[in-house]
Amino acid sequence: MDAHSQPPSDELYSRFEAYDFAHAPGFNKLLAQVYGTDEVSKYELDMRMEQAKARYFNEHVEPLSYDEYRAFKEAKAPKPVCPYQHLWDHRDEGPTSGKQLDSVYVVDLADHLGQPTDEELLTLEAVSRIHDAIRQSAYDEKYHAVAIVNSNCTAEDSSRLFLPRLEAATVERQQEALGALLRLQVELRQLGQSKPVVIFASGPVDASAIGVVLSTADIVTTDKFSVLLAPSAQTFPLAALYDWSTCLECPGTAEFIACHPDLVLRSSEWAGLGLGQGFVAHRHLAGAMDRILLAASCPPPSTRDALRKAYMAESVYPGPSKISVWRPEIERYFAPMARGGSLDELIEALRELDLAWTKRYLALVDERSWQRVARLRIAAMRKARNMEYSQVLAMEFAATNAWAKDPSASVEELVNGPVDDSLSEILSGSKPASADAVDIPEECPFAQMYRKNPERFKHIDLQQIAKHRSVDLQ
């Protein structure tokens, strides 16, 4: 066996690396190939120098294969210990393996909503099944994050709702379903304190169930996402009361949304309100979701930061928000309602304008039943801004049930009605995973100060803070 057929050894590569090329006869002639090009990176120069040395060593000292030497060097190089390594090493190699997603607990709503029907409903039983699925394993420490998806909505031609309207067949069933839904929202907020909860909202969400989506801090939407505000307004007029009342947009935005009967919020509005972490084209959802969840394999406490980087990498611009277009009108005509103005004053001001858009708006609002919904929402949001989360939850539950039982009740009676027993009733069916009582996350003290005096903090960009820190400013 000649010298060229001998397998390479550590000793050969050690002799190569120790060789004195500075005094090697004729080696300087090869340097023209190394430095012969301008504007070359240091890495490229180092590689050229190494290749020149390997060529000289092979021709004048002893046989050496540069390719084999490079393979040896890479095999012997210390492996990075950064938990993000797999995120860039295998990003473009196709679907993620199941092992890489073992750190994510996936809750598929399709497994719990039941078979599709002509009228999709979020039943009491379905809410309970979703809640049980979360409590069953989501708190397990082996899971770094929880993902909520609906596989029924992933098909390109799917017309299924991501979350349908909460059932209200009878007053009793409505009350039980609402209590179960609020318990689920409390559970999601509680879970979100310990680990990221990511929801991939890939279809329409009825306004009665939007509180589930808003109870998660990380929301990724697609072009199929929308919030249907009107259909369930007469049954659940105060859905997600806490979230709308603490909306960090300009004053009056929540009132504009609450008083607009035909408004549909899509991903562009969602992003404009600062409620979404990312937007993905629906046809690319499967791959994007796979890559985003891959980031969750990064262990705590870096999981949230890894996910945020993944949202940014996968997201595209969803388009302009139609709410932003109306910001001057919102600030002038709807903001006063947040400071004590009434719906009647808004209607009178819009009638005096006598513009095309005010005529269209007033034609919608003139319906008596919608005015009752709007008055209730305005009064409830105004009161909720000076209440804790648990108190707002109790008011939503009590006022909605009173509304269902007595449609003729006044707004004052509904908003100021007794709520002392409502919170305990909401949590009465809760079965926490541990022996501890269910903990409702307390409101951030900074958020309390902000709600009471927004002008004091107008110089602070709260949206940017919320995007980059894992604190709930609401």
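Begin at the largest cavity, which holds about 160 Å³ of space; a cavity is a set of points, on a 1 Å grid over the protein atoms alone, where a 1.4 Å probe fits but cannot get out, and its volume is the space filled by probe spheres set on the points, which are joined across faces, edges and corners. This is a predicted model, in which local features need pLDDT of at least 70 and side-chain atom pairs count only at pLDDT 80 or more, while totals for chains, interfaces and linings use all residues. Residues are numbered from 1 along each chain as its sequence is written, and side-chain values use heavy atoms, with hydrogens and water left out.

Select P237, A239, W244, A258 and R377 next: of the 14 residues lining the largest cavity, these lie nearest its centre. Lining residues have an atom within 4 Å of a point. Helix α11 gives the largest share of this lining, three residues; helices are DSSP runs of H or I, at least four residues long. By class, the lining has 13 nonpolar residues, no polar ones and one charged residue.

Proceed to the largest nonpolar core, of 94 residues, and select L122, L163, I210, W244, L265, W270 and F334, which touch the most other members. Such a core joins buried Ala, Val, Leu, Ile, Met, Phe, Trp, Tyr and Cys residues through side-chain atoms within 4.5 Å, buried meaning under 20% relative accessible area with a 1.4 Å probe, protein chains only. Helix α8 (residues 171-194) contributes the largest share of this core, nine residues.

Finally, select L163: leaving aside neighbours within four places in sequence, its contacts (heavy atoms within 4.5 Å) include L109, L122, P204 and V213.

Terms used. Buried < 20%, exposed > 50% of the residue type's maximum accessible area, 1.4 Å probe, protein only. Helix = DSSP H or I, 4+ residues; strand = E, 2+ residues; numbered from the N terminus. 1 Å grid on protein atoms, 1.4 Å probe; cavity = no way out; pocket = protein on both sides within 12 Å on 5 of 7 lines; lining within 4 Å. Nonpolar A, V, L, I, M, F, W, Y, C, P; charged D, E, K, R; others polar.
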